[in-house]
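Q: Please show me how to read a few features of a protein model.

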Amino acid sequence: MSVAQRIVVECRPGIGHSVRRSLEDPFVPALRSCGSAAELKRVHARIVHRSLSRSNFLAAKMIDACDRCGDLGYASLLFGNVGDPNVFLYNAMLRAYARNSAYGLAVGVYRKMLEDERVSPDKFTFPFLIKSCGGLASEDLGTQAHAHVWKFGPAGHLVTGNSLVDMYTKFGNLDGAYKVFDDMPQRDAVSWNSLVAGHVRLGQMTRARELFDEMPCKTVVSWTTVISGYSRVGGYVDALEIFRQMQTFGVEPDEISIVSVLPACAHLGALEVGKWIHMYADKHRLLHRTCICNALMEMYAKCGCIEQASRLFNEMNERDVISWSTMICSLANHGKANEAIELFQAMRRARVDPNGVTFLGILSACAHAGLVDEGLELFCAMKRDYELEPDIEHYGCLIDLLGRSGCLDQALNVVQTMPIKPDSKIWGSLLSSCRTHGNLEMAVAAMEHLVELEPDFAGNYVLLANLYADLGKSEGVSRMRKLMRSRNLKKPPGGSSIEVDNMVLEFVSDDNSKPFSGDAYRMIELLESERSQIIQRIRAGVA
């Protein structure tokens with residue numbers, strides 16, 4: 001910039017703005033294309049050379065570049081270098097902090113804006129301020145921000161209204177969210193999605209579904225929110241139903257909806273749906289996403305296709321700790337203990353640090369294979385080598401390992417000395433091991449704790465009664481049965497599910513309520529008839 005231009009800029013504000021903008025504009029494409037802090041600093045050097053470093057316009061653009069690069073420290077320096085920041089610069093700084101989860105700093109920028117008498121917040125200020133209040137989980141700050149919206153903001157601004165609905169749902173304050181929602185002069189899919197997500201977050205799937213069905217305009221986010229909500233509360237059949245409706249309406253699943261529905265396929269054994277999702281992900285080039293491959297692996301393993309899960313694991317270009325842990329746990333659950341242990345060693349060689357889930361899988365593998373010494377060593381390695389504090393599930397695996405191997409005294413010692421209070425699963429595992437190895441005395445001791453922890457669970461009484469029966473103690477069997485009758489306890493009926501024409505049908509024993517019950521019982525009668533005929537022919541042949 002020449003001396004003459006500087007005089008024009010400083011002494012003639014009207015012309016100065018025009019000249020300044022003509023000097024600023026050439027830097028905009030370079031700032032927009034900055035992909036790293038190093039590139040930004042090179043452009044900044046040229047801006048300083050042109051004596052434009054205090055330009056609000058260019059400072060805001062540079063802060064946007066810092067936002068993309070994640071360099072908030074440099075953004076703060078740029079902001080502080082401008083002596084008279086305008087509202088656009090304040091908003092840029094607030095936006096950068098909010099997007100990078102520096103919520104406390106974002107609120108600090110807003111407070112500084114309020115202290116600056118030359119500027120006032122506008123409609124672009126509040127969405128990021130509200131997001132920051134939600135991120136800080138401070139309902140008090142959020143309420144104050146809402147009051148400032150009424151004071152400074154334009155009435156009926158859609159983005160601000162959506163931000164407030166989302167904020168209140170994150171606080172669990174659905175009354176506040178509905179009040180904002182009802183007062184909004186216009187709503188879009190984001191408004192509805194925020195309310196649905198609020199109910200999902202609280203596990204209120206009935207109301208979430210009602211809202212979802214009322215929505216005038218559903219997006220992939222709407223469908224995904226409901227699918228993930230059902231999966232989270234164990235409503236796997238409903239999750240699959242919504243996923244099928246999503247396809248019927250022509251909405252293409254994204255990676256989040258795929259990851260949300262695959263657990264439902266895994267728990268229900270809906271293998272054909274899972275295979276379709278696998279093909280869909282492959283066709284749309286989504287298999288490079290580690291999270292999708294991890295979910296597919298778990299689905300295949302839980303549906304009994306451990307070979308397919310292993311093949312998928314081996315084909316992955318990038319594996320994270322979840323990938324390794326999922327495969328190790330899958331192998332352990334399928335009785336492939338040695339392969340699980342070998343994979344754990346490979347994980348160590350790959351310099352991937354195991355987490356708590358990894359150790360659950362490998363300890364389970366040791367329990368199934370009866371590898372007591374190896375299991376004990378791995379349990380000790382958790383804290384010694386990886387600074388992982390064992391939780392109650394890890395102690396459960398250790399007790400199961402010792403109990404299955406007949407080391408009942410050692411298992412009882414672990415139960416009595418563990419730093420966490422044993423729960424019903426711990427005592428139940430010990431009781432099961434006592435039944436396996438015929439230790440009545442320890443079984444009765446375990447049962448005393450189980451009666452206190454879960455007095456209405458019939459399975460424990462049945463287990464002890466079976467141990468009495470194994471030992472020929474009919475009095476004990478009679479006593480357990482009388483105790484169950486006095487407490488009106490019944491063992492829950494066994495349940496099952498089957499996939500037919502891509503639909504998962506669930507049923508339990510003696511259940512006549514399903515529309516397919518008649519056909520199922522007729523088929524059972526037919527099979528029983530054929531079985532009887534085969535037995536008769538065999539007997540006739542033998543005779």
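This is a predicted model: local features need pLDDT of at least 70, side-chain atom pairs count only at pLDDT 80 or more; totals for chains, interfaces and linings use all residues.

Q: What is the average pLDDT of the protein?
A: pLDDT is the predictor's confidence in each residue, from 0 to 100. The average here is 89, and 92% of the residues score at least 70. Over residues 1-15, pLDDT stays under 50.

Q: How do α5 and α6 pack?
A: Two packed helices are described by the angle between their axes and the distance between the axes. Helix α5 (residues 56-69) and helix α6 (residues 72-80) pack at about 170°, with axes 9 Å apart. They are therefore roughly antiparallel (over 145 degrees).

Q: Which residues of α5 and α6 meet?
A: Contact means heavy atoms within 4.5 Å. Met-62, Ile-63 and Cys-66 of α5 meet Tyr-74, Ala-75, Leu-78 and Phe-79 of α6. Seven residues of this contact are nonpolar, none polar and none charged.

Q: Which residues of α20 are buried?
A: Buried means under 20% relative accessible area; exposed means over 50%. In helix α20 (residues 306-315), Ile-306, Ala-309, Leu-312 and Phe-313 are buried. They cover an arc of only 125° around the axis, so they lie on the same side of α20. The face turned away from that buried side carries exposed Glu-307, Asn-314 and Glu-315.

Methods:
Residues are numbered from 1 along each chain as its sequence is written. Side-chain values use heavy atoms; hydrogens and water are left out. Axes are lines fitted to C-alpha atoms, for helices over the stretch in contact, and angles run from 0 to 180 degrees between N-to-C directions. Helices (H or I, at least four residues) and strands (E, at least two) are DSSP runs, numbered from the N terminus. Angles under 35 degrees count as roughly parallel, over 145 as roughly antiparallel, 65 to 115 as roughly perpendicular and the rest as oblique. Ala, Val, Leu, Ile, Met, Phe, Trp, Tyr, Cys and Pro count as nonpolar, Asp, Glu, Lys and Arg as charged, and the others, Gly among them, as polar. Buried means under 20% relative accessible area, exposed over 50%, partly exposed in between (1.4 Å probe, protein chains only). The arc is that of the directions from the helix axis to the C-beta atoms.
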